[in-house]
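User: I would like to learn how to read the features of a fold from its coordinates. Please take me through this one, idea by idea.

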Amino acid sequence: MELKVLDGEFCICKLSGIDINLADMQYCFFAKTEDEASLVCRKESLPGRAAIIDGQWRGMRIVGQLDFALVGILSKIANILASEDVALFAVSTFDTDYFFVKEYNLEKAINALSKNGYAVI
């Protein structure tokens, strides 16, 4: 399976309001529940109304389109990273899965995934 490292630093934010323009962001992952509104975006796209920001994340995506019937793809990646003490934050889109690791763990994550058969580009 092929993984692509995304360019740039990402932030995970808890929003204090939802006055943001998602259409202008190249990468963004937005979720809203009855308790919170969260956004994952590139650092340069941070909205002014973020209540809490956790920065210095780097992103990777699984290359290609994943069928909804596939099982265990993120679980396998998470287990490999967990065995190396690398935490991840995962999000999914219609086509594929994305995950984020702290900048200081990026090389460690790439090495662990490469040793386990993933092609990281």
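**Reading the fold**

Analyst: Strand 6 (residues 89-92) pairs with strand 7 in the antiparallel sense, over 4 bridges. Two strands pair if DSSP finds at least two bridges between them. Helices (H or I, at least four residues) and strands (E, at least two) are DSSP runs, numbered from the N terminus. The model is predicted: local features need pLDDT of at least 70, side-chain atom pairs count only at pLDDT 80 or more, and totals for chains, interfaces and linings use all residues. Residues are numbered from 1 along each chain as its sequence is written, and side-chain values use heavy atoms, with hydrogens and water left out.

User: Which residue is the bridge partner of alanine 90 in strand 7?

Analyst: Phenylalanine 99 is the partner of alanine 90. Strands 6 and 7 form a hairpin, with 4 residues between them. Strand 7 also runs antiparallel to strand 5, joined by 5 bridges. There, arginine 58 has valine 101 as its bridge partner.

User: How do I read the two faces of a strand?

Analyst: In a regular strand, side chains alternate between the two faces of the sheet. In strand 7, Asp97, Phe99 and Val101 lie on one side, Tyr98, Phe100 and Lys102 on the other, and all are buried. Buried means under 20% relative accessible area, exposed over 50%, partly exposed in between (1.4 Å probe, protein chains only). With 6 of its 6 residues buried, strand 7 is therefore largely enclosed by the rest of the structure.

User: Which residues of helix 2 are buried?

Analyst: In helix 2 (residues 106-115), the buried ones are Leu106, Ala109, Ile110, Ala112 and Leu113. They span an arc of only 165° around the axis, which puts them on the same side of the helix. That arc is taken from the directions from the helix axis to the C-beta atoms. Exposed Glu107 and Lys115 sit on the face turned away from the buried side.

User: What covers the buried residues of helix 2?

Analyst: The cover includes strand 1 (2-5), strand 5 (50-62), helix 1 (73-83), strand 7 (97-102) and strand 8 (119-120). After helix 2 comes glycine 117, with a positive phi near 95°.

User: How is a core defined, and which residues touch the most other members of the largest one?

Analyst: A nonpolar core is a set of buried Ala, Val, Leu, Ile, Met, Phe, Trp, Tyr and Cys residues joined through side-chain atoms within 4.5 Å. The largest has 18 residues; Leu3, Met60, Ile77, Leu81, Phe99, Val101 and Leu113 touch the most other members. Strand 1, strand 5, helix 1, strand 7 and helix 2 each give two or more residues to this core. Helix 2 gives the most, with 5 residues.

User: What is leucine 81 in contact with, leaving aside its neighbours within four places in sequence?

Analyst: Contact means heavy atoms within 4.5 Å. Leucine 81 contacts Val86, Leu88, Phe99, Val101, Ala109 and Leu113.
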